Amino acid sequence: MKKAVTIGTFDGVHRGHKLVLETLKKEASKRGLQPVAMTFDRHPLELIAPDRAPGNLMTTVRKTAMIRQEGVEPIVLAFTEQLRGMRVYEWLDYIHRKYDVELLVAGYDNTFGSDGIDLSISDYKDIGTTVGVEVISAPEEAGVSSSAIRKAVRRGDIPAAIRMLGHLPELEGKVIQGFHIGRELGFPTANLQAAPGTVIPPVGVYAATAYIGDEKSGCPAMVNIGRRPTFEGTVNESERISVETHIIGKDEDLYGKNIRLEFIERLRDEMKFGSTDDLKRQLNEDKAQVLAIKSK
């Protein structure tokens, strides 16, 4: 089937992306085309300039699942040196021949092709005409961008991230061996190892929903991001920032499993307590607060 396509990183699949996808679906329907979103297996800067790569709001698997939820079929391309070197004409000719693309919906301020940054939408349209691809532009969702969302998440501004995303910010990782402190306190935790480059909220305690493996229903969770300052100077102090999640109502072996967290609210700063009893009292307060938030 002939296709209508849009191209981009789609990191976060935020409100701006969804506006592009809605435009794509509408225009594809008018022309009897299949709507498709082409994205990449990594951010282009991870290849071009790794030290300037902005980090990822979600995994590629999660990103493609969310695109599919919008009624658009995702195609993931490996971002290679060969792909990086393709000019706009080569891009349009390639997707026209290989994927039967007849329409390209360009997102606001989005470019592709090694020479794309110097071209206007009019240039894209002219080049598209020469290869048989109609090019149109999608409207802008003002004030929304993946870079702005990354900044909001990194400063712990969960409400701002939610407004721009249109959904809760996420963090996904595999459960690795921890220090077992939580279990001793009556709050067993899963120690998450996120993929390198993942955007992580700052040190603090958060209310979240945890999804274990492929489970569709989530559980309320309290998440501590930090170094466990109460245990400073002991073997239980963390040398690096850790992401420890107490999943309320779950007490099972989670090692090796994948957990996806959806952050709802930042509860407080990470604190150093005078005793483990003080810490336990605070954890009980955190738990009550998380359950109250989840019940709303």
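**Strands, rings and a cavity**

Reply: Start with a pairing: strand 2 and strand 3 (residues 73-77) run parallel, joined by 5 bridges. One of the contacts sets Val 36 against Glu 73 in strand 3. This is a predicted model, where local features need pLDDT of at least 70, side-chain atom pairs count only at pLDDT 80 or more, and totals for chains, interfaces and linings use all residues. Residues are numbered from 1 along each chain as its sequence is written, and side-chain values use heavy atoms, with hydrogens and water left out.

Me: What makes strand 1 and strand 2 a pair?

Reply: Two strands pair if DSSP finds at least two bridges between them. Strand 1 (residues 3-7) has 5 bridges to strand 2, so the two pair, and they run parallel. Ala 4 stands opposite Pro 35. Strands here are DSSP runs of E, at least two residues; helices are runs of H or I, at least four; both are numbered from the N terminus.

Me: Why is strand 2 called mostly covered?

Reply: Strand 2 (residues 34-40) has 6 of its 7 residues buried. Buried means under 20% relative accessible area, exposed over 50%, partly exposed in between (1.4 Å probe, protein chains only).

Me: Why is the pair of Trp 91 and Phe 112 called edge-to-face?

Reply: The structure holds 6 aromatic pairs. The ring centres of Trp 91 and Phe 112 are 5.8 Å apart and the planes stand at 75°, so the pair is edge-to-face. The rule: rings of Phe, Tyr and Trp (its six-membered ring) pair with centres within 6.5 Å; planes under 30 degrees apart count as stacked, over 60 as edge-to-face, the rest as tilted.

Me: What makes the pair of Phe 112 and Tyr 124 tilted?

Reply: For Phe 112 and Tyr 124, the centres lie 5.1 Å apart and the planes are at 55°, so the pair is tilted. Phe 112 sits in the loop between strand 4 and helix 6, Tyr 124 in helix 6, so the pair ties together parts 12 residues apart in sequence.

Me: How do you know whether Phe 112 is buried or exposed?

Reply: Its relative accessible area is 8%, so Phe 112 is buried. Tyr 124, at 4%, counts as buried too.

Me: What makes up the lining of the second largest cavity?

Reply: The lining divides into 7 nonpolar, 2 polar and 1 charged. Ala, Val, Leu, Ile, Met, Phe, Trp, Tyr, Cys and Pro count as nonpolar, Asp, Glu, Lys and Arg as charged, and the others, Gly among them, as polar. Among the lining residues are Gly 12, His 167 and Glu 170. A cavity is a set of points on a 1 Å grid over the protein atoms alone where a 1.4 Å probe fits but cannot get out; lining residues have an atom within 4 Å of a point.

Key. On a 1 Å grid over the protein atoms alone, a cavity is a set of points where a 1.4 Å probe fits but cannot get out, and a pocket is an open set with protein on both sides within 12 Å along at least five of seven lines; lining residues have an atom within 4 Å of a point.
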